[in-house]
Amino acid sequence: MAKIVDSYRFLDGITKRLIRSWINLETPREIPWTPLANPLSDCTVALISTGGIALKTDRPFDQEGERRNPWWGDPSYRIIPKTAKSEDIHVYHMHIDPRLGEQDLNCLLPIERLEELAELRKVGRAAQSHYSFMGYLLDPREFLEKSIPAIIGHLRADAVDVVVLVPA
Amino acid sequence: MTTIALSNVPDLTMAVSVPRLAGIEHPFGQIMGRPGDRDGQRAVLTAVLEALEEMKVPGSIRHLPFEWTGPEKEAQPPEPPPLVGYLKWHPWELPRLFSRDLPGGQAGKR
């Protein structure tokens, strides 16, 4: 029998109710659609993680801001170069265990796994840069108005064909 | 650009009308697999990309076959998130979270 993923397996009781409530708040809308124009073996692929991952040399995501106002999440984004290793990054998301992604970046942003698939010619090439933002954003307006256009600009400049969105 | 979203809460992700969705039953924090499990992580990424290549209809979903063996409460954050602590002391605010009626008139409801 084919597997059906249990959306609620890793959620506690209140969070299960919360997710069901949020699902009921959504209304159907037009689905944005860009067909895959070429075989994956000809495509440039980029990854985006909601793990709040940043290089240690980059500006941290604002955890103190979220501690001061628990309803707020940092709406900015960070660039993660394709050469980044686990020891180069920090995970700032406060709703997951960051130690796992810091032990192995590929748990949240599978950069090295993507490079391996490029070497195997499963994909054409990995993008020069990947991206991360904070998944905890109850108010997404600033993220949508500022971070998303900027990320799209970077992706276009890098001639990215395919983007994989990886949750934290 | 052609996109696909991986999600361990596919019911919610599907509700926001993503073009392509790959559902996976892995816990938060290790969505691609356990630290160091190169083969497992590569298998997940391969399956996601194969799903993208095969999906021709907007709103397609594929439930990935990977099984997670481990406790559901594995790998909790080292400290509770700020909102959890806040709601513990202000439980009357919980309905605002359910309705996304954020304090200060921040956008929440659609």
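This is a predicted model: local features need pLDDT of at least 70, side-chain atom pairs count only at pLDDT 80 or more; totals for chains, interfaces and linings use all residues.
1. Strands (E, at least two residues) and helices (H or I, at least four) are DSSP runs, numbered from the N terminus.

2. As for the numbering, residues count from 1 along each chain as its sequence is written, while chains are lettered from A and ligands numbered from 1 in the order in which they are written. Local features need pLDDT of at least 70 and side-chain atom pairs count only at pLDDT 80 or more, whereas totals for chains, interfaces and linings use all residues.

3. Across the interface, 60 residues of chain A are in contact with 59 residues of chain B, contact being taken as C-beta atoms, placed from the backbone, that lie within 7 Å. On the side of chain A that touches chain B, the elements giving two or more residues include α1 (13–25), α5 (141–157) and β7 (162–166), and the largest share, six residues, comes from α1(A). By class, that side has 37 nonpolar, eight polar and 15 charged residues; Ala, Val, Leu, Ile, Met, Phe, Trp, Tyr, Cys and Pro count as nonpolar, Asp, Glu, Lys and Arg as charged, and the others, Gly among them, as polar.

4. The axes of helix α4 (residues 111–119) of chain A and helix α2 (residues 38–54) of chain B come within 9 Å and cross at roughly 70 degrees, and α4(A) and α2(B) are therefore roughly perpendicular to each other (the class for angles of 65 to 115 degrees). Here Arg113(A), Leu114(A), Glu116(A) and Leu117(A) meet Gln41(B), Arg42(B), Leu45(B) and Thr46(B), and by class this contact has three nonpolar, two polar and three charged residues.

5. Chain B is divided into domain 1 (1–68) and domain 2 (76–110), with bounds that come from an automatic or database domain assignment. The centres of these two domains of chain B, taken over C-alpha atoms, are separated by 28 Å.

Notes. Axes are lines fitted to C-alpha atoms, for helices over the stretch in contact, and angles run from 0 to 180 degrees between N-to-C directions. Angles under 35 degrees count as roughly parallel, over 145 as roughly antiparallel, 65 to 115 as roughly perpendicular and the rest as oblique.
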